[in-house]
Amino acid sequence: MKITYIHQHYSQLPAEGGLSRPWQFARRLAADGHEVTLIAGSQQARTTYVEGVRIVHVRAPYANAMGPVKRMLAFVLFVLRATLLAVRTPADVVFASSTPLTVAVPGMVGAFANRARFVFEVRDLWPTVPIELGVLTNPVLRVLARGLERLTYHRADTVIALSDDMAAGVRSVNAKVPIVVIPNASDFSLFPDPSETPAIRAEQGWAPDETVLVYAGSFGRIYNLTWVVDLAAALRSHGVRVVMYGSGGTMPALQQRAREHGLDVDSLLPGRVRRQDLARLLSAADATISSVLRLKCLEPASINKVFESMAAQKPVLFNHDGWLTELMTEHRAGWRLDDDPAKAAFQVQCIAARPEQFREAGERSAELGRERFDRDKLYVGFRAAVVGA
């Protein structure tokens, strides 16, 4: 079967990482004998063939640091170029994965031109999220976005949602469309054995007896990373190290806040690392941090870093609510910290006072990942939803 897989923000080639959902599912589809073309945006146009997957990056530059106007132009540019490519690419199935919601346009047009099935994946509830965040304020654009949302959910043959709450959001728009819930996954094979932890910590200069907490991900506004910097400041004299890996538009402000706290900026904010290196770093930490703004519209999110923490066999410290927070805390694989960084720091100190708590919670985190979120298990449902069999 010929499958066109459209994902605007897929930017990394397998050699540059390989932890991402689109690559892991695309390569499995190809291994099953399907002809897969993955269309994505990039700074430069390029075509690569890896493990039977044709990866086509169309030139549509995008960065989290862009302002609203430049982001909109990037979305439009990707829609135009991806649509032309999707129309010209023979397909039995066209699968489009948001965000942004505008990826539905090349998906629908490509499916119509090829008389193919159209499958749409909801990774975030757009346009609800940008509207509630105050990003999409223009009333005309709001109406157009809501119209595109309705059209997409009514034209889709199947919708894949990354959480039950996202599925409920889709049903509120179209109660009849078939929906399959397939959350993000834990890829245990991509993480090192725990026996490598001492060597990795030594490489990073992390003392054997210090507690290391890692945040890894985007530095966008919605992630409330000022809270993490303030937490690091409150913990610095208590044998707890906080490290934040990533990049994004809030980096300058975070660096300035770290300086105001008298923190070592380079140690706290070392920047972005390669995904394969990140797997090693997560596996050597004591716990990871999941931080987002406390907004109801963000609670349905299937936060990838939480699933990577399960694969790294680490517990998660949350500063927000949502289905993942409830799941991890109910399984005693994580903790919900206080909104006040000073109070949260005291909670961390209490946990760190008994280091076995991190270890035992990490074991439960890994157990949860293996039982419910193993990539190979989730792929079975994904393949059925996309291929239709």
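Begin by selecting helix H8 (residues 225–235): its buried residues are Leu225, Trp227, Val228, Val229, Asp230, Leu231, Ala232, Ala233 and Leu235, where buried means under 20% relative accessible area, computed with a 1.4 Å probe on protein chains only, exposed means over 50%, and partly exposed lies in between. The model is predicted, so local features need pLDDT of at least 70 and side-chain atom pairs count only at pLDDT 80 or more, while totals for chains, interfaces and linings use all residues. Residues are numbered from 1 along each chain as its sequence is written, and side-chain values use heavy atoms, with hydrogens and water left out. Helices (H or I, at least four residues) and strands (E, at least two) are DSSP runs, numbered from the N terminus.

Because nine of its 11 residues are buried, H8 is largely enclosed by the rest of the structure. To see what surrounds it, display strand S9 (211–216), strand S10 (240–245), helix H9 (251–260), helix H10 (265–268), strand S11 (287–290) and helix H14 (341–352), against which the buried residues of H8 pack.

**The five-stranded sheet**

Next, select the open sheet of five strands, which has the order S10-S9-S11-S12-S13 with parallel pairing; two strands pair if DSSP finds at least two bridges between them. S10 and strand S13 (334–336) stand at the edges with a single partner strand each, so one side of each is left without a neighbour in the sheet. From one strand to the next, the twist averages 25 degrees; angles run from 0 to 180 degrees between N-to-C directions, and axes are lines fitted to C-alpha atoms, for helices over the stretch in contact. Within this sheet, S9 and S11 run parallel and are joined by two bridges. Pick Val214 to find its bridge partner in S11, Thr288.

Thr288 leads on to Ser309, since contact, defined as heavy atoms within 4.5 Å, links the two. Leaving aside neighbours within four places in sequence, Ser309 is in contact with Thr288, Lys314, Val316 and Ser365. Ser309 lies in helix H12 (residues 304–311) and is buried, with a relative accessible area of 1%.

Now show helix H13 (residues 323–330): the axes of H12 and H13 come within 11 Å and cross at roughly 25 degrees. The two helices are therefore roughly parallel to each other; angles under 35 degrees count as roughly parallel, over 145 as roughly antiparallel, 65 to 115 as roughly perpendicular and the rest as oblique. Val306, Phe307 and Met310 of H12 meet Trp323, Leu324 and Met328 of H13.

**Helices H1 and H16**

Move to helix H1 (residues 21–31) and helix H16 (residues 375–387), which pack at an angle of about 70 degrees with their axes 10 Å apart. That angle makes H1 roughly perpendicular to H16. On the H1 side, select Arg21, Gln24, Phe25, Arg28 and Leu29; on the H16 side, Arg375, Asp376, Tyr379, Phe382, Arg383 and Val387.

**Strand S2 and its partners**

Finish at strand S2 (residues 35–42), which is mostly covered, with seven of its eight residues buried. Strand S1 (residues 2–6) pairs with S2 in the parallel sense over five bridges, and the bridge partner of Tyr5 in S2 is Leu38. Strand S4 (residues 53–59) also runs parallel to S2, joined by seven bridges; here Thr37 stands opposite Arg54 in S4.
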